[in-house]
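Subject: A structure for you to explore

Hi there,

Here is the structure I promised to pass on. Have a look around it, and then read my notes below.

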Amino acid sequence: MMKIGVSGASGQLGSAVVQALAETVAAENLVAISRTPKTDRTYAGRLGDYDQSETLVAAYQGLDRLLLIPGADLRPGIRSRQMLAAVDAAAQAEVGHVFLLSATGTQREGESAVGAAYWHSEQALIKSAIPAWTILRMSYFSETLVEEVRMSLTAGGLAMLEDSRVSFVSRGDVAKAAAAALTSEGHEGAIYQLTGSEALRGEAVCRLVAQQIQRPFALNVMPAEVLRAGLLKTGLPDVVADAVVSMKARQARGAYDIVSGDIVRLTGGTPCSLAEILASIAGGLGQL
């Protein structure tokens, strides 16, 4: 049997992928890799720190397939460096097939942009000596949008740089699709677009939110500098404010305006809609 590893297993997405894999993969063939490996699981936990490349080489030893999930550090250049180290470690460990979590709309960008790490990671993997690779490009998480809404309730509206179209996808659907790809054949050299079933404009999103909270919720289109200033006023650190503005800029240029059937093809199931996620998380936003 194949031995499958998930690098970045302690994060929300990584945990969800491991959970999905645990339903079909024998415990002895599943390895959860993170800076804080768990030892109270039936499957193995290995130490693998993106900032300590020697731990990555050891963690990736003996794996047939490996999923690389970028870390959460949003400081410019950090995730690119971490992912390049992870790809190099996978090559040194002679992993047979590496799956990379990336994002829709990935293109070459400067390091101040959130998407820069995705481009550098994809290029490094494609050009590496690793025998087989697969890229899983995810759209914008529905759960991230929900958190934005929570923080915007007092302002009564959602801030955007444009009335952008976004194919919101749930974290759970991305996890299921990644697990399905890791445990099946025929994905060498493939680039999948993990998206929801429709792309919604900001106005449509705000109408869904208004229905859920049963009061008006508007779309607030504003320049990037105005958005950044407003975020800083709420007490967010500079690096987080910059990351939010960069993500909104990705939305504005259409990076998430992509709808594919790849989740259906990989999992056989229909992705959850944004409306379903809005209604399900924490009992619904209407209770806030």
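**Starting from one alanine**

Leaving out its neighbours within four places in sequence, alanine 181 is in contact with Arg65, Phe99, His187 and Leu266. Please keep in mind that this is a predicted model. Alanine 181 sits in helix α6. Is alanine 181 buried or exposed? Its relative accessible area is 0%, and the cut-off for buried is under 20%, so alanine 181 is buried.

**The nonpolar core**

Helix α6 also matters for the next part of the tour. The largest nonpolar core has 36 residues. Within this core, the residues with the most contacts are Val6, Leu13, Val17, Leu21, Leu67 and Leu194. Several elements each supply at least two residues of the core: the strands β1 (4-7), β2 (30-34), β5 (97-103), β6 (132-138) and β9 (191-194), along with the helices α1 (12-22), α6 (171-182) and α10 (262-267). Which element gives the largest share? That is α6, with eight residues. As general background, nonpolar side chains tend to be buried together in soluble globular proteins.

Now zoom in on α1. Its buried residues are Leu13, Gly14, Ala16, Val17, Val18, Ala20 and Leu21. What covers them includes β1, β2, β4 (65-68), β5, β6 and α6.

**Stepping back to the whole protein**

In total, the protein has eleven helices and eleven strands. Its radius of gyration is 19 Å, close to the 19 Å that the globule rule gives for 288 residues, so the protein is as compact as a globular protein of that length. Taken along the principal axes, the box filled by the C-alpha atoms is roughly 55 × 35 × 35 Å.

Buried residues account for 51% of the 288 residues. If you take contacts between residues at least 6 apart in sequence, 75% of them join residues at least 24 apart. The accessible surface comes to about 12,700 Å², and 52% of that belongs to carbon and sulfur atoms. As for charge, there are 25 positive and 29 negative charges, and their mean positions are 3 Å apart.

**Some loops to visit**

Most residues other than glycine have a negative phi. Two residues here are worth a look for that reason. Glutamate 94, in the loop between α3 (78-92) and β5, has a positive phi of about 60 degrees although it is not a glycine. Glutamate 94 counts as exposed, at 67% relative accessibility.

Glutamine 214 also has a positive phi of about 60 degrees without being a glycine. You will find glutamine 214 in the loop between α7 (202-213) and β11 (218-221), where it is exposed with a relative accessible area of 72%.

Proline 216 is found in the loop between α7 and β11 too. Its relative accessible area is 75%, so proline 216 is exposed. How far is proline 216 from leucine 153? They are 63 residues apart along the chain, and their C-alpha atoms are separated by 9.8 Å.

Enjoy exploring, and write back with any questions!

Best wishes

Conventions:
Residues are numbered from 1 along each chain as its sequence is written. This is a predicted model: local features need pLDDT of at least 70, side-chain atom pairs count only at pLDDT 80 or more; totals for chains, interfaces and linings use all residues. Side-chain values use heavy atoms; hydrogens and water are left out. A nonpolar core is a set of buried Ala, Val, Leu, Ile, Met, Phe, Trp, Tyr and Cys residues joined through side-chain atoms within 4.5 Å. Buried means under 20% relative accessible area, exposed over 50%, partly exposed in between (1.4 Å probe, protein chains only). Helices (H or I, at least four residues) and strands (E, at least two) are DSSP runs, numbered from the N terminus. The radius of gyration is taken over C-alpha atoms; the globule rule is 2.2 Å times the number of residues to the power 0.38. Contact means heavy atoms within 4.5 Å. Accessible areas come from the Shrake-Rupley method with a 1.4 Å probe; for residues, only the protein chains shown count as cover. Lys and Arg count as positive and Asp and Glu as negative; His and the chain ends are not counted. The place of a charge is taken as NZ of Lys, CZ of Arg, CG of Asp or CD of Glu.
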